[in-house]
Amino acid sequence: MELTFEESTDNKVHEENVISNFELDDVAAVLISICEVFEHSEMVSFVVSGFGQEKWPVDCRTDLATIIEQIPDILKKVNKGIFLFKLDFYEQGIERQLVFEEEGGLVRVTCMSRTNWIPNPNAILLDKVKVSTMIKNFHKNFLEYSSVLCTDLANNPLLENWKK
């Protein structure tokens, strides 16, 4: 199982050209706008793999926007050594949930599909360090790419607590 970003070497997009029509009045709106910049830039790809599918059909605009808002709560747990949480890919089309549970010093990740797609295998065991590193790197990379591609959004005061 992998949860990561891929970089491209295309030209930088100007964030003011792609920021959504959302009012930037809460953290979710800022995160959605960052994800839109990622999508339009074609410089960053959201990549999820595993459970019998090399690349899940996810994108930055919709799927990353739903996942990234869940990461701070997950990070808080992981930083405390708690590996009991869910990562919900609830957008129409993907509709999967990853359930993380401690099992004998490892982390069991179970993939549950809410569509006709069937994960194979439906569960895997990962080392706690691998899970922790994957989540921390995912958060760190999101912040780094945001600061390069959409500096104003990345520095929005609403994100201060979210970044921690």
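Author: Let us begin with helices. The expected span of a helix is 1.5 Å times one less than its number of residues. Helices (H or I, at least four residues) and strands (E, at least two) are DSSP runs, numbered from the N terminus. What follows concerns a predicted model, in which local features need pLDDT of at least 70 and side-chain atom pairs count only at pLDDT 80 or more, whereas totals for chains, interfaces and linings use all residues. Residues are numbered from 1 along each chain as its sequence is written, and side-chain values use heavy atoms, with hydrogens and water left out.

Reader: How many residues has H4, and what distance does H4 reach from its first C-alpha to its last?

Author: H4 has 22 residues and reaches 31 Å between its first and last C-alpha, close to the 32 Å expected at 1.5 Å a residue.

Reader: Which residues of H4 are buried?

Author: Buried means under 20% relative accessible area, exposed over 50%, and partly exposed in between (1.4 Å probe, protein chains only). An α-helix has 3.6 residues a turn, so residues three or four places apart point the same way. In H4 the buried residues include Val131, Ile135, Phe138, Phe142, Tyr145 and Leu149.

Reader: What is found at the start of H4?

Author: A polar contact is a pair of N or O atoms within 3.5 Å; within protein, one must be able to donate a hydrogen and the other to accept it, and residues adjacent in sequence count only if both atoms are side-chain atoms. At the start of H4, a side-chain oxygen of Asp127 comes to within 2.8 Å of the backbone nitrogen of Val129.

Reader: How many salt bridges does a search of the whole structure find?

Author: Side chains of opposite charge can pair when their charged atoms come close. A salt bridge is a side-chain nitrogen of Lys or Arg within 4 Å of a carboxyl oxygen of Asp or Glu. The search of the whole structure finds 4. One of them joins Lys128 and Glu102, at 2.9 Å from N to O. Lys128 lies in helix H4 (residues 128-149) and Glu102 in strand E4 (residues 96-103), so this pair ties together parts that are 26 residues apart in sequence. Lys128 is partly exposed, at 24% relative accessible area, and Glu102 is also partly exposed, at 42%.

Reader: Which residue forms a salt bridge with Asp88?

Author: The partner of Asp88 is Arg114, and their closest N and O atoms are 2.6 Å apart. This pair links distant parts of the chain, 26 residues apart: Asp88 belongs to strand E3 (residues 85-89), and Arg114 to the loop between strand E5 (106-113) and strand E6 (123-127). Arg114 is partly exposed, with a relative accessible area of 41%. A further salt bridge brings together the side chains of Arg108 and Glu103, at 2.7 Å from N to O. Arg108 counts as partly exposed at 26% relative accessibility, as does Glu103 at 34%.

Reader: Over how many bridges do E5 and E6 pair?

Author: E5 and E6 pair over 5 bridges, in the antiparallel sense. Within E6, Asp127 is the bridge partner of Leu106. The covered face of E6 carries Ile124 and Leu126, while Ala123, Leu125 and Asp127 make up the uncovered one.

Reader: How many aromatic pairs does the structure hold?

Author: Rings of Phe, Tyr and Trp (its six-membered ring) pair if their centres lie within 6.5 Å; planes under 30 degrees apart count as stacked, over 60 as edge-to-face and the rest as tilted. The structure holds 7 such pairs. Among them, Phe51 and Trp56 have ring centres 6.5 Å apart and planes at 50 degrees, so the pair is tilted. Phe51 counts as buried at 4% relative accessibility, and Trp56 counts as buried at 4%. For Phe142 and Trp162 the centres are 5.6 Å apart and the planes at 65 degrees, so the pair is edge-to-face.

Reader: Which residues form one aromatic cluster with Phe51?

Author: The cluster consists of Phe51, Trp56, Phe89 and Trp117. A charge sits over a ring if NZ of Lys or CZ of Arg is within 6 Å of the ring centre and within 35 degrees of the ring normal. Arg96 lies over the face of Trp56, at 4.5 Å from the ring centre, and over the face of Trp117, at 3.5 Å from the ring centre.

How values were computed: Pairing = 2+ DSSP bridges.
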